[in-house]
Each structure stands twice: as C-alpha cells, then as structure tokens.
Amino acid sequence: MKYDVIVLGAGIVGVCTAIHLQQRGRAVALVDRKPPGLETSFGNGGLIQREGVYPYAFPRGLGALLRYAGNRAPDVRYHLGALARSAPFLLRYWRNSHPARHAAIAAKYVALIEHCIGEHQALAAAAGARDLIRSTGWIKVYHRAALLDAEIRVAERWRGEFGVGFETLDAASLQRTEPALRPVLAGGLRYTDAHSVSDPHALVAAYARHFESLGGTILLGDAGTLRDGWRLQSDGGEIQAPAAVVALGPWSDAVTKALGYRLPLAVKRGYHMHYAADDGARLDHPVLDAENGFLIAPMAHGIRVTTGAEFAARDAAPTPVQLAAVEPLARRLFPLGPPVDTAPWMGSRPCTPDMMPIIGPAPRHEGLWFAFGHAHHGYTLGPVTGRLVAEMMTGARPFVDPAPFLPTRFL
C-alpha cells in the first residue's frame with residue numbers, strides 16, 4: 001500500500017499532523033500500536049495553556065533542591081537509578097532553567113503558544129467536537145498569601161511581555177467562583193485565556209475521525225519496523241511512502257536512535273485517578289494546588305486528580321506513591337468521593353533539555369520529519385505543531401518561524 005506520508009504516532013501531535021497533511025492533498029497513513037489517543041494524550045489535565053509561555057523549568061534554588069532531595073515532596077518524585085542515568089540531561093535542563101536563559105526560551109516559545117487556542121478551535125469545529133472544549137480558563141490556588149502575591153507579580157510580567165490574561169481571586173471571590181472548594185485557601189489566579197477539555201481522549205478520537213472523513217487511513221503497526229524508504233509493517237500489510245513523520249512522543253527515540261540520531265529526550269511520568277464528587281459537589285474549572293503540585297479537574301468520567309512529575313525510566317513499572325501522597329491533600333481541598341477507576345493511569349511526557357519541542361526535517365534522511373518533545377504542553381501544542389509540520393513539508397510559508405525548534409540545534 002502506497003501513501004504520500006506515514007505519520008508514526010496517534011497521539012494529539014500525530015493526529016493533528018495527519019489532519020493538516022491530508023487537508024493539503026497528501027495521502028496519509030496514521031500508524032500506532034494502539035487506536036488514537038490511548039497513550040500519553042489519554043491522561044493529562046486537559047488544559048490548553050495559552051498562558052504557558054514559560055515552559056516548566058528545573059528548580060534552581062537551594063531550598064527547592066533540598067526539598068526535592070528527600071524524595072517525599074508531593075509535586076516531584078524520582079527513581080534514584082533513573083536520576084543517575086539521566087544526570088547529563090538534567091544538568092543541561094538545570095542550566096537552561098537559569099532565569100536569563102529561561103526568558104530567552106520563552107521569547108521563542110511564545111510563537112507556538114500564542115496560536116494554541118485558535119488552532120484547537122478550528123480543528124474542534126471541523127471535527128464537530130466544540131462541546132468538549134471549555135473556554136472558562138483554569139485556576140491556580142495558593143494556601144499562603146505571600147506565595148499568591150509572588151505569583152501575581154509573575155502573571156503581571158507575563159501580561160506585559162506576552163499578553164497573558166488573568167484575574168486575581170482573593171479568598172472570598174475564589175469561594176464565589178468555586179463554592180465547593182473548602183475555605184482553606186488564601187486565593188488564586190484564574191488564567192482567563194486558557195481553555196480546558198472535558199475528555200482529552202474523546203477529543204483526540206474526534207480529531208482522528210475527522211482525519212478519516214478527509215480520506216485518511218488509520219492503521220495499527222509497530223514503528224520499530226520502519227525502514228529507510230519509508231516502509232513499515234501494519235495490520236493491513238506493508239505500507240510505504242516517500243515521507244515519514246516521527247510523532248511518537250516519549251517513544252520517539254526508539255526510532256530516531258535506530259536511524260543514528262542522538263537527540264536528548266527524557267521523560268517525566270505522571271499519574272491520574274478519577275473520583276466521584278461527594279454530596280453533589282460541583283467543580284467548574286480545573287484547579288491547580290500550586291504549593292502541593294496536583295491538579296483537580298472536572299472530567300466526563302469524574303473529578304480527575306493528576307500528579308506532578310516523576311523522574312523515572314519510561315518503561316519502568318508504575319510507582320503511584322505520588323498519587324497516594326496527593327489524594328488526601330486533594331480531599332482537604334475538595335469533597336472527593338470514592339475512586340471511579342480501578343487503578344491509577346500512568347503516562348510519560350517527552351522532554352528536551354531546552355524545554356522546547358523538536359519540530360522539522362531530519363538532517364541526514366530524505367523525507368524524514370520529527371515532531372515530538374513537547375513535555376507538559378503536548379496537548380496544548382498538538383494542532384499548532386501539526387499545522388507547522390504540514391506547511392513545512394508541503395512547501396508553504398510556515399505560519400510560525402520553525403528555526404528555534406529544528407532538530408539541528410542538538411546535532
């Protein structure tokens with residue numbers, strides 16, 4: 001079976017890339033080992049983060065580093081062996097998190113972030129899935145007034161530099177906005193331009209159905225069978241195309257390493273569980289407890305509690321101690337009922353040491369393209385990346401300057 005492009009990976013980035021290529025007249029095969037949206041894109045906070053101009057940095061303060069060193073903080077946990085193996089990556093990540101370097105990264109990164117709402121809206125409308133996206137923003141809450149004041153100063157700087165919209169909520173206005181939150185908070189910030197999704201997997205599945213309605217093909221297959229040419233074994237037999245896009249998220253390096261590319265890709269793992277809401281309690285916004293590093297979000301399947309970051313090998317057995325640590329904290333914040341899920345979900349975020357995705361052509365292979373490494377913002381940037389890759393591949397003028405995101409910065 002012959003196609004114009006094989007897209008490897010049916011998460012949010014791969015599905016959106018396939019859509020944009022198919023819209024531009026390319027015959028596209030979208031290939032993954034599972035149906036669309038069942039890996040990393042399945043479990044997340046469901047945020048489309050217009051405010052996320054500063055990608056998540058590595059802690060640099062001595063106090064924070066000492067706090068995390070004990071491996072008991074609710075927001076960050078680690079496997080000691082994985083930490084040792086990833087030390088060179090973490091050192092580069094730490095260096096790039098210096099305030100001056102971080103600011104320089106944000107100045108480039110905003111070119112992607114500022115388009116995230118419009119690109120999601122366009123795809124959701126075309127896919128008949130606008131009802132899955134809420135335009136109410138999300139709320140970041142604090143227990144201590146001093147930390148809230150510091151966050152307000154940061155948000156004011158972001159508003160001046162990048163047009164980030166927010167409103168400040170004191171304890172009383174926060175209680176009026178989310179009455180079911182327990183009155184234990186100093187207040188919070190509502191990031192007003194951000195959107196959220198009530199069922200992240202359902203949105204990816206809707207986008208995938210839209211891709212099929214455009215004439216695209218979805219196949220099951222093993223990306224490890226990819227051969228220069230580009231050929232790959234699928235459940236429908238061998239397929240081939242003159243071009244291939246690697247959009248495999250945290251599994252991307254399994255393909256790129258086999259082709260001779262040593263790109264710095266690591267993972268941060270995360271967990272979630274759904275719970276019923278007690279006594280008819282209602283939550284209208286995703287709410288991040290910034291001091292404890294967990295998010296509670298209203299989802300189609302219940303109240304989703306998500307964890308922060310776990311530094312561990314991608315394929316190591318799940319260790320949901322972080323979820324166990326934040327669940328009682330979440331119950332103090334919101335009246336959670338019993339779990340809805342039988343077991344926690346675990347997923348991996350693909351991360352680069354400069355906190356920016358790898359988007360663009362592979363320098364040593366004709367027709368090979370990369371689209372991965374979005375860390376915490378894969379769901380936010382899936383449609384933006386898909387459009388950018390498709391424009392580059394089809395010779396159109398890119399709507400975003402791709403230079404800061406090209407793979408050659410690491411090669």
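Student: What describes the packing of helix α6 and helix α9?
Tutor: Helix α6 (residues 116-126) and helix α9 (residues 200-213) pack at an angle of about 65 degrees, with their axes 9 Å apart. Axes are lines fitted to C-alpha atoms, for helices over the stretch in contact, and angles run from 0 to 180 degrees between N-to-C directions. Helices (H or I, at least four residues) and strands (E, at least two) are DSSP runs, numbered from the N terminus. This is a predicted model, in which local features need pLDDT of at least 70 and side-chain atom pairs count only at pLDDT 80 or more, while totals for chains, interfaces and linings use all residues. Residues are numbered from 1 along each chain as its sequence is written, and side-chain values use heavy atoms, with hydrogens and water left out.

Student: Which residues make the contact of α6 with α9, and how are they classed?
Tutor: With contact taken as heavy atoms within 4.5 Å, α6 contributes H120, L123, A124 and A126, and α9 contributes L203, Y207 and H210. By class there are 5 nonpolar, 2 polar and no charged residues. Here Ala, Val, Leu, Ile, Met, Phe, Trp, Tyr, Cys and Pro count as nonpolar, Asp, Glu, Lys and Arg as charged, and the others, Gly among them, as polar.

Student: What makes β3 and β5 edge strands?
Tutor: The open sheet of 3 strands has the order β3-β9-β5, with antiparallel pairing. Two strands pair if DSSP finds at least two bridges between them. β3 (47-48) and β5 (133-134) each have a single partner strand, so one side of each is left without a neighbour in the sheet.

Student: How do you know that β5 and β9 pair?
Tutor: β5 and strand β9 (residues 195-197) are joined by 2 bridges in the antiparallel sense, which meets the criterion of at least two. In β9, S196 is the bridge partner of R134.

Student: Why is the pair of W138 and Y191 called tilted?
Tutor: Rings of Phe, Tyr and Trp (its six-membered ring) pair if their centres lie within 6.5 Å; planes under 30 degrees apart count as stacked, over 60 as edge-to-face and the rest as tilted. By this rule there are 10 aromatic pairs. The ring centres of W138 and Y191 are 5.5 Å apart and their planes stand at 35 degrees, so the pair is tilted. W138 lies in strand β6 (residues 138-142) and Y191 in strand β8 (residues 187-191), so the pair ties together parts that are 53 residues apart in sequence.
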